[in-house]
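Colleague: I would like to learn how to read strand pairing and chain contacts. Please take me through them one at a time.

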Amino acid sequence: MNNFRQKIKEYFPSLLFLIFSIFFWEWYVKSGYVSDYLIPAPSAIGLSFLEHISILPDHIFTTMLEALVGLFFAVVIGVLIAVLIAGIPFIRRVLYPIIVVSQNIPILALAPLLAVWFGFGLAPKVIIVVLIGFFPIVVNTTDGLMNADKDMVSLVRGLGANRWQVFRLVLFPSAVPAFFSGLRIASAYAVIGAVIAEWMGASSGLGLFLIRSQRSFQTDQIFMAIVVIAMLSISLFLSIQVLSNVAMPWRKTLVDLGEK
Amino acid sequence: MDDIAVEVEGVDYTYSQSQKVHALRNVSFKVNTSEFVSFIGPSGCGKSTLLHLISGLLNPSKGVIHVNGKKSSSGLGRVAFMPQRDTLFPWRTVEKNAVLGAEILGIPRQEALQKASSLFDLFGLSGFEKAWPSELSGGMRQRLALLRTFIIPRDTILLDEPFGSLDALTRHEMQQWLQQIWDQDRRTIILVTHDVDEAILLSDTIYVLSERPGSIVQRVEINLERPRKKKVINSTEFTKIKSEIFQILSSGI
């Protein structure tokens with residue numbers, strides 16, 4: 001509880017500044033210094049949210065589904081490849097440079113191509129999210145697996161552990177923190193990846209909503225969609241934070257001790 | 001025959017990774033069952049290498065090592081080995097750390113946990129079974145690492161500078177305590193240390209190693225009466241042995 005109080009104290013100035021900025025913004029637009037079709041007032045953004053509250057859940061559901069399914073496959077494929085890269089030197093030599101260089105391909109530029117190949121359904125969006133999320137997960141997890149404590153490996157090997165036991169008892173647990181750093185990065189880009197993929201054509205989703213709002217010059221709707229997307233991204237990020245705390249209870253204790 | 005726990009014959013070891021390092025030269029010795037043997041020598045003399053060889057983690061470049069009459073290179077897992085750092089697993093609670101070895105050897109977890117729980121008191125860890133290693137003090141971490149080693153059902157225990165990272169006061173306490181544990185347990189212990197007092201206090205036999213490449217320069221038998229109390233350090237006999245060892249160590253080998 002003390003911790004919570006401290007956090008409020010810590011972020012209080014930022015919070016105050018944010019509230020002040022929003023009021024200033026409202027006043028500035030209302031005073032007519034800027035046209036409200038270019039920059040809508042915060043109150044107009046709020047009203048737009050209330051106006052669309054009945055159709056928003058569908059769009060949110062579509063975009064989040066794309067982001068979560070994409071993240072899921074990014075995790076499965078990413079971890080699998082990380083294990084292969086860390087475990088088999090030959091695969092490491094073949095795959096690792098290719099994976100690193102492949103990151104220079106602008107993934108979002110693949111979206112039109114994927115739309116041609118897979119149409120306007122769920123698949124091309126999920127693939128974009130997978131392609132974006134896969135890389136940080138592979139690189140971080142591989143790092144975690146390969147930088148496991150050598151003495152711990154010696155210890156279990158000295159006790160007669162086989163390869164699988166070394167993996168299970170030392171390498172996997174050592175890689176968990178690194179895996180979560182990778183997942184955090186992936187999750188930060190997952191929602192925006194899905195939104196941009198929707199620009200190529202979709203029948204539902206926040207990306208579609210954005211494009212439609214733009215075509216009808218509904219700036220208040222655009223702003224509202226941006227706020228919603230940001231909120232979704234933040235909540236996804238925080239959920240992963242919670243997940244990582246659950247998965248690594250020993251770490252939380254470590255931090256608590258450090259703060260005392 | 002059965003009385004020999006570990007036999008090392010003419011062992012040489014050269015590290016050959018990026019550059020060749022001749023770590024050990026023509027090392028031979030025998031350790032009897034239930035004997036407490038220490039190796040002492042300047043840092044970098046190959047003491048740890050010797051333990052890695054006995055444990056089977058490394059294979060000698062030349063010579064043979066027999067553990068319980070069998071060649072050590074024929075397999076890992078025939079001794080209980082405690083490496084230099086405590087290497088506790090931060091993601092395992094104290095009790096799960098304790099049963100790590102048992103888990104690898106395929107002993108059922110319940111049985112292992114039961115055995116561990118009977119030892120927590122002796123190792124001064126009772127009440128901390130569910131704690132994380134990060135919550136323990138340095139001495140407790142070291143005792144847990146020892147508990148993890150002692151619980152492994154092997155006849156020979158290798159300890160690589162087990163108290164090297166502790167402050168002097170805790171170290172003295174731990175030495176007394178290890179002596180007491182060994183007194184009940186009576187398994188063969190091979191200890192590597194750079195602390196002369198520690199070696200004399202605990203051992204039946206001390207081998208003094210030369211600088212790299214390490215070879216045995218002297219075998220010293222310690223016949224001080226057991227159990228050895230802390231004040232034995234001030235006795236004339238102890239001082240005599242100590243000055244003898246220091247003389248060997250400083251005679252430019």
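**Reading a sheet and a contact**

Modeller: Phe81(B) stands opposite Leu158(B) in β7(B). The model is predicted: local features need pLDDT of at least 70, side-chain atom pairs count only at pLDDT 80 or more, and totals for chains, interfaces and linings use all residues. Residues are numbered from 1 along each chain as its sequence is written, with chains lettered from A and ligands numbered from 1 in the order in which they are written.

Colleague: In which sense do β6(B) and β7 of chain B pair?

Modeller: Helices (H or I, at least four residues) and strands (E, at least two) are DSSP runs, numbered from the N terminus. Two strands pair if DSSP finds at least two bridges between them. Here β6(B) and β7 (residues 156-160) of chain B pair in the parallel sense, over three bridges.

Colleague: What is the strand order of the open sheet of six strands?

Modeller: In chain B the order is β6-β7-β8-β3-β9-β10, and the pairing is mixed. β6 (80-82) and β10 (216-221) of chain B stand at the edges with a single partner strand each, so one side of each has no neighbour in the sheet.

Colleague: How many residues does each chain bring to the contact?

Modeller: Two residues are in contact if their C-beta atoms, placed from the backbone, lie within 7 Å. Chain A brings 17 residues and chain B 18 residues. On the side of chain A that touches chain B, α7(A) gives the most, with seven residues.
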